[in-house]
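Please keep the sequence and the model in view while reading.

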Amino acid sequence: MENSTQFEEIFNAKIERGDFIEPKDWMPEKYRKTLLRQISQHAHSEVIGMQPEGNFITRAPSLRRKAVLLAKVQDEAGHGLYLYSACETLGISREELLDQLHTGKAKYSSIFNYPTITWADMGAIGWLVDGAAIINQVMLQRTSYGPYSRAMVRICKEESFHQRQGYEIMCVLANGTAEQKALAQDALDRWWWPSIMMFGPPDGESKNSADSIRWKIKRETNDELRQKFIDRTVGQAEFIGLVIPDKDLKWNEARGHYDYGKINWEEFNKVVAGNGVCNKKRMAHHIKSQEEGKWVREAANAYAKKKADREKNILVA
């Protein structure tokens, strides 16, 4: 017990100084579990998030749009890989992570359980969804767990490209024909509220925020991040002539922030619980892909083992 207390004092001192906690360092079990929950949810979100956009690669309106969207989806696969690798440094296998996803023990962002209906949705996802992700993830470059922090440096650079790609699509549509502008406005109308739900429940109802802030896993609360996103995005919408679908949205001079309408947390909880429009579809597709790709993983592992055995025999000889 005495050693445990000493280790905890060393851990707390590192957190206070702003030092990274590394995989071989002692850490409280609750800190480890909090990291696993957050990083695995982030990883699952990147991988599941490939589905709604992958759906439009062959239907993008030009070769350039196809190439850019394909590059974006490839980036998201890479982000999932970085984050799964960060999880593995905490003592969990990739297989266990995927089993938790498939059985519903692990969650992914609720935003990816909404359907993509038109090409404008690709713009809204890049502008709003990736824009919200950047707001959340920039602070994670300074998160207290070293492997997570280092993964986020590259992820944030690529997410910035994704956000610009989406905003460009919305700019082009908003300045096009009346029909194109209507498509852009419709996409904004449908994606706005799910996007601001991405930051999670209000601070008073968030079970994990206090510990995450105390351990510097997160540097800002859900509501602070949500407010920052709204403040930045309103001006972007106005610049291209689109209207945020919130009749209660107005600038509050005293606060120096926008006031906004009531969020439908009942809808959020329904989607998180697995009852969104696309929950079952997204998961069924992921499980099917895992099963169909099993032979590739087995072949790669068999080849790696054969190569290692061959090199070992050469060294012995």
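Cys156 counts as buried because its relative accessibility is 6%, where buried means under 20% relative accessible area, exposed means over 50% and partly exposed lies in between (1.4 Å probe, protein chains only). The model is predicted: local features need pLDDT of at least 70, side-chain atom pairs count only at pLDDT 80 or more, and totals for chains, interfaces and linings use all residues. Residues are numbered from 1 along each chain as its sequence is written, and side-chain values use heavy atoms, with hydrogens and water left out.

**Cysteines**

- A search of the whole structure finds zero disulfides, a disulfide being a pair of cysteine sulfur atoms within 2.5 Å.
- Cys156 is in no disulfide, and its nearest cysteine sulfur, which belongs to Cys87, is 17 Å away.
- Cys171 also counts as buried, because its relative accessibility is 18%.

- Helices (H or I, at least four residues) and strands (E, at least two) are DSSP runs, numbered from the N terminus.
- Two packed helices are described by the angle between their axes and the distance between the axes.
- The axes of H4 and helix H5 (residues 94-102) come within 9 Å and cross at roughly 110°; axes are lines fitted to C-alpha atoms, for helices over the stretch in contact, and angles run from 0 to 180 degrees between N-to-C directions.
- H4 and H5 are therefore roughly perpendicular to each other (under 35 degrees counts as roughly parallel, over 145 as roughly antiparallel, 65 to 115 as roughly perpendicular and the rest as oblique).
- Leu81, Tyr84, Ser85, Cys87 and Glu88 in H4 meet Arg94, Leu97 and Leu98 in H5, contact meaning heavy atoms within 4.5 Å.
- By class, five nonpolar, one polar and two charged residues make up this contact of H4 with H5.

**Arg65**

- Arg65 lies in helix H4, which spans residues 63-88.
- Because its relative accessibility is 12%, Arg65 counts as buried.
- Apart from neighbours within four places in sequence, Arg65 is in contact with Ala60, Trp119, Glu168, Ile169 and Val172.

**Ile111**

- Ile111 is found in the loop between H5 and helix H6 (120-138).
- With a relative accessible area of 0%, Ile111 is buried.
- Apart from neighbours within four places in sequence, Ile111 is in contact with Val129, Trp191, Pro194, Ser195 and Met198.
- Ile111 and Ala77 are 34 residues apart along the chain, and their C-alpha atoms are separated by 17 Å.

How values were computed. Ala, Val, Leu, Ile, Met, Phe, Trp, Tyr, Cys and Pro count as nonpolar, Asp, Glu, Lys and Arg as charged, and the others, Gly among them, as polar.
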